[in-house]
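Here is a quick tour for anyone opening this structure for the first time. Take a look at the sequence and the model, then read on.

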Amino acid sequence: MAAREEYRKTAKVPKGYHQEDLDRGFNVSGLFAWARHPNFTAEQAVWVTVYAWCAYITRGYINWSIVGPLCYLLLFQASTWLTELLTSRKYPEYAEYQRRVGRFLPKMPGGPPGDFSDKRKSK
């Protein structure tokens, strides 16, 4: 059983979790403390790397291999926009998360932590 379902069923916070994280409704720990969509970042990096490799092999920046990565980048931009729109409507605290954490890449250091550890009651 997942931690959130266990928490809802028993009203006890599972070991290794914080109540604030379970109440929030979306993940802000691990990679999600650094980027809001780390899985999208990795997927886009793979396709950009495929293009870079093809450009290196063909010794030219413009070749047929640019079509796939460009289409994927556009698809991820659109799907991320829609995902964030729906998520921000569902979870009020998501706007603060957007302010703290970069969409695909980490923000510059010095801002509030993306995992909301500064707002936890129990540390």
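A helix here is a DSSP run of H or I that is at least four residues long, and helices are numbered from the N terminus. Keep in mind that this is a predicted model.

With that in hand, let's begin with R100. It sits in helix α5, which covers residues 94-100. Is R100 buried or exposed? R100 counts as buried because its relative accessibility is 7%, and the cut-off for buried is under 20%. Its side chain makes a polar contact with the side chain of E96, at 2.7 Å. Leaving out residues up to four places away in sequence, R100 touches K107, P112, P113, G114, F116, D118 and K119.

R100 also turns up at the largest pocket. That pocket has a volume of about 240 Å³. It is lined by 14 residues, and the closest to its centre are R100, K107, M108, P112 and G114. What sort of residues make up the lining of the largest pocket? Eight are nonpolar, three are polar and three are charged.

Now for the charged pairs. How many salt bridges does the structure hold? There are five, and here are some of them:

| Salt bridge | N to O distance |
|---|---|
| E93 and R24 | 3.5 Å |
| R36 and E84 | 2.7 Å |
| E96 and R99 | 2.8 Å |

Start with E93 and R24, whose side chains meet in a salt bridge. E93 lies in the loop between α4 (67-90) and α5, while R24 belongs to helix α2 (residues 19-24), so this pair ties together parts that are 69 residues apart in sequence. The two partners can be told apart by their accessibility: E93 is partly exposed, with a relative accessible area of 32%, whereas R24 is buried, with a relative accessible area of 7%.

Next come R36 and E84, another pair of side chains that meet in a salt bridge. R36 lies in the loop between α2 and α3 (38-58) and E84 in helix α4, so the pair ties together parts that are 48 residues apart in sequence. R36 counts as buried at 8% relative accessibility, and E84 counts as buried at 4%.

Then there is E96, the residue that R100 contacts, in a salt bridge with R99. Why are E96 and R99 separated by about one helical turn? Because they are three residues apart in helix α5. R99 counts as partly exposed, at 48% relative accessibility.

T80 is found in helix α4, and at 0% relative accessibility it counts as buried. Which residues is T80 in contact with, leaving aside its neighbours within four places in sequence? They are H37, F40, R103 and F104.

One last stop is V48, in helix α3. V48 counts as partly exposed, with 39% relative accessibility. The C-alpha atoms of V48 and L70 are separated by 8.6 Å, and these two residues are 22 residues apart along the chain.

Note on methods: Residues are numbered from 1 along each chain as its sequence is written. This is a predicted model: local features need pLDDT of at least 70, side-chain atom pairs count only at pLDDT 80 or more; totals for chains, interfaces and linings use all residues. Side-chain values use heavy atoms; hydrogens and water are left out. On a 1 Å grid over the protein atoms alone, a cavity is a set of points where a 1.4 Å probe fits but cannot get out, and a pocket is an open set with protein on both sides within 12 Å along at least five of seven lines; lining residues have an atom within 4 Å of a point. Grid points are joined across faces, edges and corners, and a volume is the space filled by probe spheres set on the points. Ala, Val, Leu, Ile, Met, Phe, Trp, Tyr, Cys and Pro count as nonpolar, Asp, Glu, Lys and Arg as charged, and the others, Gly among them, as polar. Helices (H or I, at least four residues) and strands (E, at least two) are DSSP runs, numbered from the N terminus. Buried means under 20% relative accessible area, exposed over 50%, partly exposed in between (1.4 Å probe, protein chains only). A polar contact is a pair of N or O atoms within 3.5 Å; within protein, one must be able to donate a hydrogen and the other to accept it, and residues adjacent in sequence count only if both atoms are side-chain atoms. Contact means heavy atoms within 4.5 Å. A salt bridge is a side-chain nitrogen of Lys or Arg within 4 Å of a carboxyl oxygen of Asp or Glu.
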